[in-house]
Amino acid sequence: MLRLLRLLLLLLLLPPPGSPEPPGLVPLSPGAPPQAPDLLYADGLRAYAAGAWAPAVALLREALRSQAALGRARQDCGARCAAEPGTALPAVLLDAPGPDSGPGSAQGAWERLLLRAALRRAECLTQCGAQRLGPGGTARLRVGSALRDAFRRREPYNYLQRAYYQLKKLDLAAAAAHTFFVANPTHLQMREDMAKYRRMSRVRPQSFRDLETPPHWAAYDDGLELLGRQEAGLALPRLEEALQESLAQMESCRAGCEGPEEQQREEEEEEGAGSQGGLYETIAGHWVRVLQCRQRCVGDMATRPGRSFPVPDFLPSQLRRLHEAHAQVGNLSQAVENVLSVLLFYPEDEPAKKALNEYQAQLGEPRPGLGPREDIQRFILRSLGEKRQLYYAMEHLGASFQDPDPWTPAAVIPEALREKLREDQEKRPWDHEPPQPKPLTHWKDVLLLEGVTLTQDARQLNGSERVVLDGLLTPTECGVLLQLAKDAAEAGARSGYRGRRSPHTPHERFEGLTVLKAAQLAQAGAVGSQGAKLLLEVSERVRTLTQAYFSPEKPLHLSFTHLVCRSAIEGEQDQRMDLSHPVHADNCVLDPDTGECWREPPAYTYRDYSGLLYLNDDFHGGDLFFTQPNALTVTAQVRPRCGRLVAFSSGGENPHGVWAVTRGRRCALALWHTWAPEHREQEWTEAKELLKEPEEEEEEEEEEEMPSRDPSPEPPSRRLPQVQDKAGKPPRVREEL
């Protein structure tokens, strides 16, 4: 009966037929207490399964609103109750126990202080929760772990885009699809749906927006874009907003660590492991789990939607950009505050110390009271206090803790744990990655070692971060790779695109081969092992040179390697007007009309540098060319030849395309590189293992196997009213330059 009443209420809240839909997913009942998100979501799925599209939209939107309102209420109540008199613990109780904390007269005193503060805080939270959320407060609206995961993966938006499409609300369908796809970039069906929406004339370009973009990421990206345009004055407000929103996002996350969901998780763990100890052991165990959750909030805040790993040192990097931007516009006092804040994280950071000396010299006489930012000081002091308690629990209670911060001072870690933590750090999951050479003093040293010559630099190519290098392959090596491509094509090993025609033009045939497919074919005897091994070796050679030339201080990882051949179809070249590959950028969606390049899905946003290593020149057409952002004005053109590498940054500063291949067969090795280790090419390692000689396997049989990449969750099926996860390796879309 209650569910029927809820459904009728939400139907009344829907706009009448023919009325304009508000832009975006706005609250259906502003100011109303949130309802149970799990019940709303379940009812929404039932309506969806029954084809009741309007009720499904209403219920799913209300579930999203209630989930967000529930989080805000918890955060607000936590902040209010923490400021209430008598609810705060004395500072001495918030540090790790010291060697002198034994039994004595003080024991009863701290127990009374602890219990009194805990009882008063609980009373305040209960009353606040009842006022904001109704009787029962947060306990009544407890959300299970399965639903939390579904909302984290934005699965309601997958249902919403389908329901909006059925209701002919295409702009809202595109927005919901885009919102889901940002968090699930490997989902191929949604990628196809996005492409369909982009081809629809009734869908406006501005509809492709992320409705769940965390405010700190939106402000941060805007600030970076403005800095890239040398507009530091305009970038500063957005960068400052990004920092404040980052801190606010962590507070929201920390508030959730004290919610009933965390208690539910502990209860589930205890059911499997059995209860451990009495009152004090239980209190300590619960507190340790709260602290672990709070520390994880740093990584959660620094992880972009759809990414598996956080941006390293996200807070210090924001402060670095802030002090540099303040210095550019002459705000030296603010520059000093921010660079001093960087030094709180890394006291021995040489660039920061050098910048500080420059700012102080420009300021002249010392400014009393000029110090690090207070918000950063509070963050660091609180974080270090929690880390001390967690390391104490590791040492004495057997608790686990993975420190999310590389800046944690060694003095915080007990000496008995330092060696063990150092060993664990060395056993990182990319131990089997090809060895990363230490950066050389100059990229010319690498070219000299490889016997490579610099043919054209960025200035000669009329752009930025572009280069043409010759001599990476000998004619014999080109012949081996060409034979590999031919043998693989004859074996039916086309990868990614099913069919004989190119995905970019009907006038060419396309053949593609990945490193893993080459290794599998070699193992099956369909192609020679020499070619498959050379493919691996050459891809690492290109990575080394690309890193040395463009990124000597920051390791690059292979993200995807593809041996690609394009062949002109005879009899179809007369009066041909199209391109072999249209103008595009590799890590952003190029909009030639505005000159903008949006670094968001469906682009491969994690790509940082691209490379094309050519294998032959006995064909007509097929030259690579760069353009201005309008995709029309050609700024440079490169003719392929054996052993020639064209490398360039993958962003909107390097739009490029390929002229039509009008005769013959053009083959090249396309490679993409990334700074993000989580996006390294897993297939490269698998191929290396397959091609390993027997004696090599014996030498390395004691090494740990590299763990497979965590599978990305599949969104819910359109036919089933339940969320389903599929284990296994996520499918990948093959793409070539």
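**Exercise 1. Find the residue in S4 that is the bridge partner of Leu 513, then describe the pairing around S4.**

Solution. In S4, Leu 563 is the bridge partner of Leu 513. Helices (H or I, at least four residues) and strands (E, at least two) are DSSP runs, numbered from the N terminus. The model is predicted: local features need pLDDT of at least 70 and side-chain atom pairs count only at pLDDT 80 or more, while totals for chains, interfaces and linings use all residues. Residues are numbered from 1 along each chain as its sequence is written, and side-chain values use heavy atoms, with hydrogens and water left out.

Step 1. Strand S3 (residues 508-514) is joined to S4 by seven bridges, and the two run antiparallel. Two strands pair if DSSP finds at least two bridges between them.

Step 2. S4 also pairs with strand S14 (residues 661-674), in the antiparallel sense, over 10 bridges. Ala 668 in S14 stands opposite Val 564.

Step 3. Strand S4 (residues 557-568) is mostly covered, with 12 of its 12 residues buried. Buried means under 20% relative accessible area, exposed over 50%, and partly exposed in between (1.4 Å probe, protein chains only).

**Exercise 2. Decide whether His 216 is buried or exposed, and list what it touches.**

Solution. Step 1. His 216 lies in helix H10 (residues 215-228). Its relative accessibility is 2%, so His 216 counts as buried.

Step 1. A polar atom of the His 216 side chain lies 2.8 Å from the backbone oxygen of Met 301.

Step 2. Leaving out residues up to four places away in sequence, His 216 touches Ala 242, Glu 245, Ser 246, Gln 249, Met 301 and Phe 314.

**Exercise 3. Count the salt bridges in the whole structure and examine some of them.**

Solution. Step 1. A salt bridge is a side-chain nitrogen of Lys or Arg within 4 Å of a carboxyl oxygen of Asp or Glu. The search finds 31 salt bridges.

Step 1. Asp 171 and Arg 204 meet through their side chains (3.1 Å, N to O). Asp 171 is in helix H8 (residues 170-183) and Arg 204 in the loop between helix H9 (188-199) and H10, 33 residues apart. Arg 204 is partly exposed, at 45% relative accessible area.

Step 2. Arg 294 and Glu 386 form a salt bridge (3.5 Å, N to O). Because Arg 294 lies in helix H13 and Glu 386 in helix H17, the pair ties together parts 92 residues apart in sequence. Arg 294 is buried, with a relative accessible area of 13%, and Glu 386 is buried at 4%.

Key
A polar contact is a pair of N or O atoms within 3.5 Å; within protein, one must be able to donate a hydrogen and the other to accept it, and residues adjacent in sequence count only if both atoms are side-chain atoms. Contact means heavy atoms within 4.5 Å.
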